[in-house]
Amino acid sequence: MIKEIIVVEGRDDTTAIKRAVDADTIETGGSAINARILQRIALAQERRGVIVLTDPDHAGERIRKIITAKVPGCKHAFIPEAEATRKGDIGVENASPAAIQHALARVHTSYEGAESLIDMEDLVQAGLLVHPEAAARRMAMGNILGIGYCNGKQFLKRLAMFQITRDEFVRALAQIEEGG
């Protein structure tokens, strides 16, 4: 049984989570997250802790940002888009139990106001910005680090928020360079 309550978008996501692990969930009802749901998430965070596991798409990221802004200290789990896609449909409900378990094993706790250990110049030198393959490289690195995919500015913010160390960054970059 996972101690924290996992926040997902809908009923199908809850079904997928329960196939993978023994856990309780809170469903946001999609991207229209309301004040009542945010209050439930805040109470869950206070009592047991929360892990946010939303779809690796624009709507999922929007929900994740809203929760992070309104309920500090939540943990975050990310499933790579490739592991959450079936027949062109992206969502947690499409992920295998193994993909869900892997994401939950690599949970990160958000820490607002964290000092960045990596800067914009590091991203440029790593080919994660201003590079023809920057988006693909950020996606690969986000998957390796377990922080998901996002644009360059958000990527830098996530590196700080999840306190990714320079060593973790360098190891992930080496993996990308080796083609892994």
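I take helices (H or I, at least four residues) and strands (E, at least two) as DSSP runs, numbered from the N terminus. The model is predicted, so local features need pLDDT of at least 70 and side-chain atom pairs count only at pLDDT 80 or more, while totals for chains, interfaces and linings use all residues. Residues are numbered from 1 along each chain as its sequence is written, and side-chain values use heavy atoms, with hydrogens and water left out.

**Entry 1: pockets**

I looked up the pockets on a 1 Å grid over the protein atoms alone; a pocket is an open set of points where a 1.4 Å probe fits, with protein on both sides within 12 Å along at least five of seven lines, and lining residues have an atom within 4 Å of a point. Grid points are joined across faces, edges and corners, and a volume is the space filled by probe spheres set on the points.

The largest pocket holds about 300 Å³ of space. I find 21 residues in its lining, with D57, E61, Y149, C150 and R158 closest to the centre. At least two lining residues come from each of α3 (58-70), α6 (134-145) and α7 (152-161), and α3 gives the most, with five. I sort the lining into seven nonpolar, six polar and eight charged residues, counting Ala, Val, Leu, Ile, Met, Phe, Trp, Tyr, Cys and Pro as nonpolar, Asp, Glu, Lys and Arg as charged, and the others, Gly among them, as polar.

The second largest pocket holds about 190 Å³. Of its 12 lining residues, K65, T68, Q154, K157 and M161 lie nearest the centre. α3 and α7 each supply at least two, and α3 again gives the most, with five. This lining has three nonpolar, three polar and six charged residues.

**Entry 2: cores**

I define a nonpolar core as buried Ala, Val, Leu, Ile, Met, Phe, Trp, Tyr and Cys residues joined through side-chain atoms within 4.5 Å, where buried means under 20% relative accessible area, exposed over 50% and partly exposed in between (1.4 Å probe, protein chains only). In the largest core, of 21 residues, L123, M141, F155, L159 and F169 touch the most other members. α6, α7 and α8 (166-177) each give two or more residues to this core. A second, separate core of 19 residues includes I17, I51, I100 and A103.

**Entry 3: K75**

K75 lies in strand β4 (residues 75-76) and is partly exposed, at 26% relative accessible area. I list its contacts (heavy atoms within 4.5 Å): beyond four places in sequence, K75 touches E4, V50, I51, V52, V107, H108 and T109.
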